[in-house]
Amino acid sequence: MDNHSVQNTVSITEAKASGGADSNAASGNNGKALKPTRGLLKPVLLLLMVAMIATGWGFQVELQSWLQARGFFQEQARLAHLEQQLRQSDQQFKLISDQLAVHRERLLQAEQFGSQLTPVNESLGGLEKRIDQIELGLKRQQSGAQVLAVRQLLFVAEQQLRLVNDRSLALQA
C-alpha cells in the first residue's frame with residue numbers, strides 16, 4: 001500500500017471516531033461509544049504497518065532477484081575473478097622476469113665467449129693462409145716430382161733403345 005491509502009484509512013477511521021462521538025453525545029452516552037472505536041484504531045494501524053512492511057520486503061526481494069537475473073549484483077564474483085586473474089598474471093610475470101634474468105646471464109656469457117673467439121678466429125685465418133701456402137708448395141713439389149719421374153722414365157726408355165736396341169721395352173717404359 002502507498003501513503004495515500006494509509007491516509008485515507010486513517011481519515012476514515014478518524015471520521016468514524018468523530019461521527020461516533022457526535023452521535024454518542026446526541027444520544028447521551030458520553031464516551032462509551034468512543035472507546036471501542038479507539039481500541040479498534042490501534043490494531044488496524046498496526047495491521048496496516050505490518051502489511052506495508054511485508055509489501056516493501058516482498059518488493060525488495062523481487063527487485064533484488066530481478067536485478068541479479070540481469071547481472072547487477074555480480075560485482076563480488078567479478079571482483080573475485082579479476083583478483084584471481086591478477087594473481088595468475090603476477091605469477092606469470094614473475095616467471096617471465098626470472099627467465100629474462102637467466103637469459104641475460106646467458107647473453108653475457110655468450111658475449112664473453114664471442115670476445116674470446118675473435119682472437120681464435122684471427123689465428124684460424126692465419127692458419128688457413130699458411131695451410132694454403134703449404135698445399136701450394138706440396139702441389140709444386142708433386143708436379144716437380146712428377147716431371148722428374150717422367151724424365152727418368154724417358155731416360156730409361158732412351159737407354160733401353162740405345163743400348164739394347166729393344167723397341168718394345170722402350171715403348172713400355
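Author: Before we start: pLDDT is the predictor's confidence in each residue, from 0 to 100, and this is a predicted model.

Reader: OK, where is confidence lowest, and where highest?

Author: Helix α1, residues 3–27, is lowest with a mean of 50, while α3 is highest at 85. Over residues 20–28 the pLDDT is below 50, and that stretch has seven contacts in the model beyond near neighbours in sequence.

Reader: And what does the protein average?

Author: A pLDDT of 77, with 76% of the residues scoring at least 70.

Reader: Switching topic: how many helices and strands?

Author: Four helices and zero strands, so to speak α-α-α-α along the sequence.

Reader: What share of the residues is buried?

Author: Buried residues are 6% of the 173. The accessible surface is about 15300 Å², and carbon and sulfur atoms account for 60% of that.

Reader: Which residues form a nonpolar patch on the surface?

Author: Leu117, Val120, Leu124, Leu127 and Ile131, with about 430 Å² of accessible area together.

Reader: Where does Leu127 lie, then?

Author: In helix α3, which covers residues 75–164.

Reader: What follows α3?

Author: Asn165, and its phi is positive, near 55°.

Conventions:
Residues are numbered from 1 along each chain as its sequence is written. This is a predicted model: local features need pLDDT of at least 70, side-chain atom pairs count only at pLDDT 80 or more; totals for chains, interfaces and linings use all residues. Side-chain values use heavy atoms; hydrogens and water are left out. Patches are made of residues with over 30% relative accessible area and no salt bridge: like charges are joined within 9 Å, nonpolar side chains (Val, Leu, Ile, Met, Phe, Trp, Tyr) within 5 Å. Accessible areas come from the Shrake-Rupley method with a 1.4 Å probe; for residues, only the protein chains shown count as cover. A salt bridge is a side-chain nitrogen of Lys or Arg within 4 Å of a carboxyl oxygen of Asp or Glu. Helices (H or I, at least four residues) and strands (E, at least two) are DSSP runs, numbered from the N terminus. Buried means under 20% relative accessible area, exposed over 50%, partly exposed in between (1.4 Å probe, protein chains only). Contact means heavy atoms within 4.5 Å.
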